[in-house]
Amino acid sequence: MEKTNHHNDNSPNFSTLLNNSAVREHVQHWLREDTPSFDYGGYVVGEAQETAVLLCKSKGLLAGVPFFNAVFEEVGCSVEWKYPEGVVVEPISVTAVVKGNVNKILLGERLALNCLTRASGIATKAKKLVGFKKAAKWTGEIAGTRKTTPGFRIVEKYALVVGGASMHRYDLSSMIMLKDNHIWTAGNIAQAVSNARTVGGFSLKIEVECRSVEEGRSAASAGADIVMLDNFTPDALHQSAAILKGEFPNLLIEASGGITEDNISDYFNPNVDVISLGSLTQGYKPVNFSLKILKDGHNPHNPPVTVAH
């Protein structure tokens, strides 16, 4: 079915990152999860052709458009967007129009909204933190982590990119990260890095989680590409990063652990290349969207119910 994206030619089209067949497989799985047998509500409303409006009810960066489109394409509906992905939408705005059989609109409604509200929430928070970085003129990257929702990672990682952040490694196969459990089990940092390089070869970067300058030095000397300084205070981070950069100029330094929206600016430093936060995909506020069928005599804005006087 038709879908119209009002894309600004001057802005990146991140939807080209996505493998459409993979997105469709996710959507089909989500639809089966939501309607494993009978669609009782769909029977109630029938198959009449209807039009629904997507209302943005809280301010946020619009993200997740390809997933919203994919849901309605799968159920045979069309979507026309009034705003391009990656712009800030103000409440209350008609953000898109969905047309199709009413039972199919309602079949895809909640799934499509779940993708859009969550993706937009992540992108909004990412954009805010990237704004802090730009204001401080720090040139490193704000990144997410692998703390994502099972089965929903593709949406969350995509939203980070729309918001201007780095997705970090997508999964365990994207980069080799050696944390304390790996090191303790392998015996020491040098052995863990050696084991990793044996199977990762030249094409995969190796990152090692470190809790001291000495551990960072061991990791870099063993051939690690990235050292994560984990749970360092800002002062300890700046001092340790300066020492490691002085000894290993090509080493990438990542800061992680204990970093929040409120204190992230304290961690900005020219010797720090990456700051990662699990809260980007675990501690965001979803953007409020709703989808309402247009019917004469009914207000799609769904105003609050008040006590009659």
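The points below comment on selected features of this structure.

1. The model is a predicted one, in which local features need pLDDT of at least 70 and side-chain atom pairs count only at pLDDT 80 or more, while totals for chains, interfaces and linings use all residues. Residues are numbered from 1 along each chain as its sequence is written, and side-chain values use heavy atoms, with hydrogens and water left out.

2. Salt bridges, taken as a side-chain nitrogen of Lys or Arg within 4 Å of a carboxyl oxygen of Asp or Glu, number 9 by this rule. One of them pairs Arg 217 with Glu 247, whose closest N and O atoms are 2.8 Å apart; the pair links distant parts of the chain, with Arg 217 in helix α8 and Glu 247 in helix α9 (residues 234-247), 30 residues apart. Helices (H or I, at least four residues) and strands (E, at least two) are here DSSP runs, numbered from the N terminus.

3. A further salt bridge joins Asp 225 to Arg 197, with the closest N and O atoms 3.2 Å apart. Asp 225 lies in the loop between α8 (213-222) and β10 (226-230) and Arg 197 in helix α7 (residues 189-200), so this pair ties together parts that are 28 residues apart in sequence. Asp 225 is partly exposed at 27% relative accessible area, and Arg 197 is partly exposed at 29%; the classes are buried for under 20% relative accessible area, exposed for over 50%, and partly exposed in between, with a 1.4 Å probe and protein chains only.

4. Lys 82 forms a salt bridge with Glu 80, the closest N and O atoms being 3.4 Å apart. Lys 82 counts as partly exposed at 40% relative accessibility, and Glu 80 counts as partly exposed at 33%.

5. The second largest pocket has a volume of about 360 Å³, and among its 21 lining residues those closest to its centre are Thr 145, Lys 147, Lys 179, Met 228 and Ser 256. A pocket is an open set of points, on a 1 Å grid over the protein atoms alone, where a 1.4 Å probe fits, with protein on both sides within 12 Å along at least five of seven lines, and lining residues have an atom within 4 Å of a point. Both β10 and β11 (252-256) supply at least two residues each to this lining.

6. Two loop residues other than glycine have a positive phi. His 168, with phi near 65 degrees, sits in the loop between α5 (153-162) and β8 (176-178) and is buried, with a relative accessible area of 17%. Asn 231, with a phi of about 60 degrees, is found in the loop between β10 and α9 and is partly exposed at 46%. Most residues other than glycine have a negative phi, and most peptide bonds are trans.

7. The peptide bond between Pro 91 and Ile 92 deserves a look, being cis with omega of about -15 degrees; Ile 92 belongs to the loop between β5 and β6 (93-101). Val 89, in strand β5 (residues 88-89), is buried with a relative accessible area of 0%, and its C-alpha atom is separated by 6.6 Å from that of Leu 62, 27 residues apart along the chain.

How values were computed
Grid points are joined across faces, edges and corners, and a volume is the space filled by probe spheres set on the points.
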